[in-house]
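Please read the report below with the model open beside it, and follow each part of the chain as it is named.

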Amino acid sequence: MLSRVAENLYWMSRYIERADNLARLVVAHQTELIDATTEASGEFEWHPLLEATAMGDAESSEDVISYIVSSEENEDSVYNSVYQARENGRAVRDQISEEIWLTLNTLWLALRQVPKDSPDRNQAICELVTQAALVIRGLEQSALPRTEVHSFIQLGTNIERADKTSRLVDLPHYLPEGEVDSAWNTMIRACGAAVEHRQKNGGEVSAASASTLLLFSNSFPRSVRYCVRSIDELLRRISQSSPGNYVNEAERVSGLLLARLDYRGVEDVGEKGLHDYVDSIQVDLNRIGQEIQQRFFYNRKDAPLTEADDYVKRRFQMQQLQQ
């Protein structure tokens, strides 16, 4: 597979997941505000979402909800994430199924038709995105052969999902003390984990039960641990490395992070505190993403090729022949 094809597949999937996660978060937070017994304080009630999603330094004349959902000036908004997913998907239409492309293209056309002056614009965008994301993920599982195409798509999904789940768990750090408890309900709803939480912990959501589920569950697909395990397996599937070994830095970092989550997770949270622990996870996830870019999508001119680099060497030679 050409590196540019792998990159398009990877980022198409990441942007779909990003749009879906942000839409889920906005809807869940909006529901929590409606159910809240205390008076909402307007813009301030939404500002922590900017901090948790790394948009806190942005300056815009738009209200916070519009900035997160429908803004055309915010590169990471739901609206622009769908646009980027569609552009990356368009470049690899011959690699993905016709149904995936039609769903993604139809979603983008539907978002463009939502009136900009509609008071329900943000809600409509969120609903369209979450529905389309479910269809696309279902089509990926049912229609794509288990080749490198599927592996790079799943790799993008799981890295983005792990990042967004970890940021959700960090949301209480940016809230006033009196509003922290209700935030855990928001997180459970945004991740679609209400049934899983109820089956394992009963009906009452606490900081310990929610954070343990979203960080360390080995069975819930949106937990950080589950996603990192998938990342580690997908990287090894792509490079065909054997368990217990690694042939590139991305595999080494993912293996170390998985070991930390498997064997030191709860202890590390106790020693560092939840906020600092989540920060350390995000640093590792960013490092994995950078190493994937360097390993599979860029031609590394600053390092000699070794036997472990043979996979990249062959792919680069194929790319030169195509050109």
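In this predicted model, Asp284 has a relative accessible area of 18%, and because buried means under 20%, this residue counts as buried. Asp284 is found in helix H14, which covers residues 274-297. Leaving aside residues up to four places away in sequence, Asp284 touches Val253, Leu257 and Arg260. Leu256 is 28 residues from Asp284 in sequence, while the C-alpha atoms of the two are 9.1 Å apart in space.

Several residues of H4 are buried, among them Val78, Tyr79, Val82, Ala85, Arg86 and Gly89. In general, residues three or four places apart in an α-helix point the same way, because there are 3.6 residues a turn.

A search of the whole structure finds three cavities of 30 Å³ or more.

| Space | Volume | Classes of lining residues |
|---|---|---|
| Largest cavity | About 70 Å³ | four nonpolar, two polar, two charged |
| Largest pocket | About 360 Å³ | five nonpolar, six polar, eight charged |

The lining of the largest cavity consists of Asn21, Leu22, Leu25, Ala52, Thr53, Lys164, Arg167 and Leu168, and helix H1 (3-35) and helix H7 (148-169) each supply at least two residues of this lining. The largest pocket is lined by 19 residues, and those that lie nearest its centre are Gln141, Gln154, Thr157, Asn158 and Arg161. Two or more residues of the pocket lining come from each of H1, helix H6 (121-143), H7 and helix H11 (224-239).

How far can the model be trusted, and where is care needed? The mean pLDDT of the protein is 86, and 87% of its residues reach 70 or more. Among the elements, helix H5 (residues 98-113) has the highest mean pLDDT, at 97, whereas helix H15 (residues 310-322) has the lowest, at 45. Over residues 300-323 the pLDDT stays under 50, although the model has 26 contacts beyond four places in sequence for this stretch. Where pLDDT is low, the predicted coordinates should not be read in detail.

How values were computed:
Residues numbered from 1 in each chain as written. Predicted model: local features only at pLDDT ≥ 70, side-chain atom pairs only at ≥ 80, totals over all residues. Heavy atoms only, no water. pLDDT = per-residue confidence, 0-100. Helix = DSSP H or I, 4+ residues; strand = E, 2+ residues; numbered from the N terminus. Contact = heavy atoms within 4.5 Å. Buried < 20%, exposed > 50% of the residue type's maximum accessible area, 1.4 Å probe, protein only. 1 Å grid on protein atoms, 1.4 Å probe; cavity = no way out; pocket = protein on both sides within 12 Å on 5 of 7 lines; lining within 4 Å. Points joined across faces, edges and corners; volume = space filled by probe spheres on them. Nonpolar A, V, L, I, M, F, W, Y, C, P; charged D, E, K, R; others polar.
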